[in-house]
Amino acid sequence: MRREEVAQLAGVSVDYYIRLERGHTRGISQAVLDAVARALQLDGAERAHLFDLAQPADTRPRRRPPHRPQKVSEVLHRTLDALAVPAVVQGRRGDVLAANRLGYALFADFAARPRRERNFGRFVFLDPAARSLYTDWDRVAADTVALLHLYAGRHPDDSQLTELIGELSLKSDAFRGLWADHDVQAHTTGTKRLHHPIVGDLTLDYQVLTVQDDPEQTLVLYTPEPGSPSAEALGLLASWTSTSTAEALPPPPPRTDTWAT
């Protein structure tokens, strides 16, 4: 859609719309933002991102206190242990805060990695194993960047996010290209297709649930269609993690640990 068309649909002049594109949002009303969002046919995540970006800088706290470390509650740890499907708790910036044994076995040995490397962005773009694991790696990569864009709109002053974006931009051409697209989205459900090095192909539906004690934590559950080859493969993976072969897997992190994020 051309600028002229968006401006007309939003009920503003082309010059004014161009100023908005360039970030000159001081004094803009919610009604105008609503009109622009409707004209661009933004979804809920994109609309929220637009409002985050349009918030005048001088209305934001200039010195926000540092983020408190994120801690996974004992109840959530027990829930992870009780689940018979892969489950992962994600925190800010896609940090992996915890998982059950099947969750670690499905993706990567995050529990054995240094804390700063327990992050899905770093895994997707910097670990060669990710390209082999994700059948739809391009889509996973785009979704990962879009989620980081959404978080950046909400937390523009997050120094650890700045560090993460800088590292990924320096080390990954793919990330640099996707980051420049400025796409934003947040998936709460969907499907992942994986080629696991031990049990082969898996098609798993995922559901993202917000943790009530900390809205910046999400519990992601991965389930196969009952009776499918993926269900059988996941059962094999579960058996593998419970045998002596699973001793190669690192134990879950101590539950007293916290994330300095």
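Reader: Arg-93, buried or exposed?
Author: Arg-93 has 5% relative accessibility, so Arg-93 counts as buried (under 20%; exposed is over 50%, partly exposed in between, with a 1.4 Å probe and protein chains only). Keep in mind that the model is predicted: local features need pLDDT of at least 70 and side-chain atom pairs 80 or more, while totals for chains, interfaces and linings use all residues. Residues are numbered from 1 along each chain as its sequence is written, and side-chain values use heavy atoms, without hydrogens and water.

Reader: OK, and where is Arg-93?
Author: Arg-93 is in the loop between E1 and E2. E is for strands (at least two residues) and H for helices (H or I, at least four), both DSSP runs numbered from the N terminus.

Reader: What's up with the phi of Arg-93?
Author: The phi of Arg-93 is positive, about 60°, even though Arg-93 is not a glycine. Arg-93 takes that phi in the hairpin of E1 and E2, where 5 residues lie between the strands.

Reader: Which residues stand opposite Val-89?
Author: In E5 that's Leu-219, and in E2 it's Ala-98.

Reader: New topic. Who touches the most other members in the largest nonpolar core?
Author: Phe-107, Phe-123 and Tyr-134 do, out of 42 residues in that core. Helix H9 gives the most to this core, with 7 residues. Apart from it lies another core of 10 residues, including Val-89 and Leu-221. A nonpolar core is buried Ala, Val, Leu, Ile, Met, Phe, Trp, Tyr and Cys joined through side-chain atoms within 4.5 Å.

Reader: What does Phe-107 touch?
Author: Leaving out residues up to four places away in sequence, Phe-107 touches Val-88, Phe-120, Phe-123, Leu-133, Tyr-134, Leu-194 and Tyr-222. Touching means heavy atoms within 4.5 Å.

Reader: Lots of rings in there! How many aromatic pairs does the structure hold?
Author: There are 11 (ring centres within 6.5 Å, using the six-membered ring for Trp; planes under 30 degrees apart are stacked, over 60 edge-to-face, the rest tilted). Take Phe-123 and Tyr-134: their ring centres are 6.2 Å apart and the planes are at 65°, so that pair is edge-to-face. Phe-123 is in helix H7 (residues 120-126) and Tyr-134 in the loop between H8 (128-133) and H9 (137-154), so the pair ties together parts that are 11 residues apart in sequence.

Reader: Are those two buried or exposed?
Author: Phe-123 is buried at 1% relative accessibility, and Tyr-134 is buried at 3%. They also belong to one aromatic cluster with Phe-107, Phe-110, Phe-120, Tyr-206 and Tyr-222.

Reader: What about Ala-108, where does it lie?
Author: Ala-108 is in the loop between H6 (101-106) and H7, and it is buried with a relative accessible area of 8%. Beyond four places in sequence, Ala-108 touches Arg-113 and Phe-123. Phe-123 is 15 residues from Ala-108 in sequence, with 8.4 Å between their C-alpha atoms.

Reader: Last one: what does Leu-83 touch?
Author: Asn-100 and Leu-221, again not counting residues up to four places away in sequence. Leu-83 and Leu-221 are 138 residues apart along the chain, with their C-alpha atoms separated by 9.1 Å. Leu-83 lies in the loop between H5 (74-82) and E1, and counts as partly exposed at 28% relative accessibility.

Note on methods
Two strands pair if DSSP finds at least two bridges between them.
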